[in-house]
Amino acid sequence: MQFRQKALSKLRSPEEIDLPVRLARPQGPLVLAVTVIAMAAAAVWAVTATVSSTLGAPGILTHAQGSYVLQSPVAGQVTGVLAEEGDRVAAGAPLVTVRTAKGPTLLRALSAGRVTALAATTGSVVTPGADVAAVERVGEKDDPLMAVVYVPADRGPAVPVGAPVDLTVQSVPVRRYGVLRGRVQAVGRTAQTRRHIAAFLGSDHLAEPFSRQGQPVAVLVRLEPAPGGRTGYAWSASDGPPYRLDSMTPLTASVHLADQHPIDWLFP
């Protein structure tokens with residue numbers, strides 16, 4: 001009761017009558033104003049700003065015509081291999097000689113191209129349907145290289161035609177020569193099985209890495225030309241390596257997807 005009497009006496013004291021009563025903290029309106037401004041700025045950024053993203057995927061340097069596997073139509077023993085890996089051959093050029101029960105038989109290239117693999121060796125025995133050689137279809141010596149990139153099927157629709165692509169080629173030191181420049185020329189509409197990929201590349205071994213994560217979509221990338229460069233193609237850091245690029249060289253691609261506004265993530 002003693003403390004209560006003291007409190008009542010203070011309220012009756014005339015010195016306390018003119019003191020202002022604090023109803024709210026002055027920081028409240030300031031905090032509200034800052035919050036409104038921040039929300040408005042975030043809304044403007046979400047509508048006007050653009051955010052770029054990339055898609056990484058494995059690929060390979062090749063020619064757009066693909067490859068084929070030459071198979072033996074006969075049974076017999078290989079008595080001669082008339083080509084070497086890397087040789088360019090004309091359509092109908094003899095590749096392998098096989099001794100059969102009816103006499104020697106020449107196995108010829110089905111179309112012009114470059115021999116990328118030889119499965120037959122002198123002295124080996126082949127049966128009908130056995131793989132003899134893989135030949136990449138190349139019309140002319142200076143036919144340009146392309147890159148085939150295998151992206152996950154669910155990401156294929158997000159890849160726009162004409163998008164820039166950075167290609168890290170396995171045989172080229174990236175720190176010294178940079179990345180190879182390219183642009184998306186076409187995007188496949190159907191997923192590729194391992195068998196389809198092997199048929200195009202002419203090798204089941206080459207197709208295996210591209211089908212580990214399921215059936216991908218093939219994206220064809222046109223390499224940007226640079227006539228004055230060493231390789232004939234554009235590079236990010238220099239004129240490129242002082243040697244020619246070979247087809248069937250693995251690479252890693254970074255595809256630049258279309259820019260998006262942040263608000264698109266909320267309302268796709």
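## A buried serine

S67 sits in strand β2, which covers residues 67-71. The model is predicted. S67 has a relative accessible area of 4%. Buried means under 20%, so S67 counts as buried.

What does S67 touch, leaving aside residues up to four places away in sequence? Its contacts are V135, E136, R137, A199, F200, L201, G202 and M248.

Nonpolar side chains tend to be buried together in soluble globular proteins. Here, the largest nonpolar core holds 27 residues. Those with the most contacts inside this core are L61, V149, L167, L180, L223, L245 and V255. Six named strands each give two or more residues to the core: β1 (54-62), β10 (146-152), β11 (164-169), β12 (180-187), β13 (216-223) and β14 (250-256). Strand β13 gives the most, with 4 residues.

Look at L61 next. Beyond residues up to four places away in sequence, L61 touches several residues, among them V169, L180, L223 and L245. M248 is also one of the residues that L61 touches, and M248 is in contact with S67 too.

## An open sheet

Four strands form an open sheet in the order β6-β5-β3-β8. Their pairing is antiparallel. The edge strands are β6 (103-108) and β8 (125-126), and each pairs on one side only.

Inside the sheet, β3 (residues 76-81) pairs with β5 (residues 94-100) over 4 bridges. G80 has T97 in β5 as its bridge partner.

## Salt bridges

Side chains of opposite charge can pair when their charged atoms come close. How many salt bridges does the whole structure contain? The search finds 5.

One of them joins R181 and D166, with the closest N and O atoms 2.5 Å apart. R181 lies in strand β12 and D166 in strand β11, so the pair ties together parts that are 15 residues apart in sequence. R181 is partly exposed, at 30% relative accessible area. D166 counts as buried, at 17%.

A salt bridge also joins D204 and R194, at 3.0 Å from N to O. Helix α5 (residues 204-207) holds D204 and helix α4 (residues 194-201) holds R194, so this pair ties together parts 10 residues apart in sequence. D204 is partly exposed at 43%, and R194 is partly exposed at 35%. E208 and R212 meet in a salt bridge as well, at 3.1 Å from N to O. E208 is partly exposed at 26%, whereas R212 is exposed at 58%.

Terms used:
Residues numbered from 1 in each chain as written. Predicted model: local features only at pLDDT ≥ 70, side-chain atom pairs only at ≥ 80, totals over all residues. Heavy atoms only, no water. Buried < 20%, exposed > 50% of the residue type's maximum accessible area, 1.4 Å probe, protein only. Contact = heavy atoms within 4.5 Å. Core = buried A, V, L, I, M, F, W, Y, C linked by side-chain atoms within 4.5 Å. Pairing = 2+ DSSP bridges. Salt bridge = Lys/Arg side-chain N within 4 Å of Asp/Glu carboxyl O.
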